Amino acid sequence: MKLDLKRIAVIDGETIPFSYDADLTKEEMNGEYPFRTPVHIEGEVRNHLGVLNLHATVRALYQTQCARCLAPVNVDLNVPCDMILSAEVQDEERDDIYQLEGDSVELDDIVIPALLLEVHMTYLCKPDCKGLCPTCGKNRNEGPCGCDGRQIDSRLAVLQKLLDKDN
């Protein structure tokens, strides 16, 4: 969504509210397309003593799989985004200033990267997820699988034979 900032740039205290949905269904992350529903963005741009402040909230449903057991996981993301909009940036290292090009701003260029930066690499279906058995692939959250719980490194299998002789 593009906002025209000419109107508020000269009037102190003036605001432009916004609320819209963005389609991120084609946004690929980690080999998946996790945003299957529209992402809702709302907020305002306010002129405070000649400084344009953007305050926004991005709400999204992130659908992925548990990193341990591959069960479906739905994560409600609620990401705040606060940014200063400026025609000139004095300090290049500050990440809370967005440099304007002209009298308008494309909100998606600011809020969508803020959303994507808040997404974790992995999610779990529950904190104590036991994952899948590496031998048979059974979901350990559903109960034991009956496989031998001991995994022996193949490089140490010769030593295991010595232990078996003693027994």
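Leu-156 lies in the loop between helix 2 and helix 3 (157–166), where helices are DSSP runs of H or I with at least four residues, strands are E runs of at least two, and both are numbered from the N terminus. The model is predicted, with pLDDT of at least 70 required for local features and 80 or more for side-chain atom pairs, whereas totals for chains, interfaces and linings use all residues. Residues are numbered from 1 along each chain as its sequence is written, and side-chain values use heavy atoms, without hydrogens and water.

Leu-156 has a relative accessible area of 45% and is therefore partly exposed (between buried, under 20%, and exposed, over 50%; 1.4 Å probe, protein chains only). Together with Ile-152, Leu-159 and Leu-162, Leu-156 makes a nonpolar surface patch of about 370 Å² (nonpolar side chains joined within 5 Å, from residues with over 30% relative accessible area and no salt bridge, the latter being a side-chain nitrogen of Lys or Arg within 4 Å of a carboxyl oxygen of Asp or Glu; areas by the Shrake-Rupley method with a 1.4 Å probe).

Contacts of Leu-5 (heavy atoms within 4.5 Å) include Ile-16, Val-45, Leu-85 and Val-105.

No disulfides (cysteine sulfur atoms within 2.5 Å) are found in the whole structure. The sulfur of Cys-69 is 3.6 Å from that of Cys-125, the closest cysteine sulfur, and so too far for a bond. Cys-69 is buried at 7% relative accessibility, and Cys-81 is buried at 3%.

Notes: Patch = residues over 30% accessible without salt bridge, like charges linked within 9 Å, V, L, I, M, F, W, Y side chains within 5 Å. Lists of a residue's contacts leave out its neighbours within four places in sequence.
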